[in-house]
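Trainee: I'm new to this one. Could you pick a single part and walk me through it closely?

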Amino acid sequence: MAAGPASRTEPVVELSASDLNGNGGIFCPSPVAGMKLWNSHPRVFLDIAHAGGGAKCPYCGTVYRLRAGEHAGGAH
């Protein structure tokens, strides 16, 4: 039986609602994820509030999601 492709697990960063900016999102790379900003990929906005509470960076694959019980509220 042949083995399938090696599965790679993306880093997951759990966020509190207070980690989100005024638009309900976060930028990646992010210091919240322990990333150094000077040696990473281009900055990309991830809309956590309007994406069901989570989003995945298209560059590095890091998954950002709200912790259980957290809500991104107040978006108009």
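Mentor: Let's start with alanine 55, which is buried, with a relative accessible area of 17%. Buried here means under 20% relative accessible area, with exposed being over 50% and partly exposed in between (1.4 Å probe, protein chains only). This is a predicted model, where local features need pLDDT of at least 70, side-chain atom pairs count only at pLDDT 80 or more, and totals for chains, interfaces and linings use all residues. Residues are numbered from 1 along each chain as its sequence is written, and side-chain values use heavy atoms, leaving out hydrogens and water.

Alanine 55 sits in strand S4, residues 54-56; strands (E, at least two residues) are DSSP runs, numbered from the N terminus. Skip its neighbours within four places in sequence, and alanine 55 is in contact (heavy atoms within 4.5 Å) with Leu46, Ile48, Thr62, Val63 and Tyr64.

Alanine 55 also belongs to the largest nonpolar core, which has twelve residues, among them Leu15, Cys28, Leu46, Ile48 and Tyr64. Strands S1 (12-15), S2 (25-28), S3 (44-47) and S5 (63-66) are the elements that give two or more residues to this core. A nonpolar core is a set of buried Ala, Val, Leu, Ile, Met, Phe, Trp, Tyr and Cys residues joined through side-chain atoms within 4.5 Å.

Now look at leucine 15 in strand S1: at 0% relative accessibility, leucine 15 counts as buried. Its contacts beyond four places in sequence include Leu20, Ile26, Ile48, Tyr64 and Leu66. Leucine 15 and isoleucine 48 are 33 residues apart in sequence, yet 9.6 Å apart in space, C-alpha to C-alpha.

Definitions and conventions. Helices (H or I, at least four residues) and strands (E, at least two) are DSSP runs, numbered from the N terminus.
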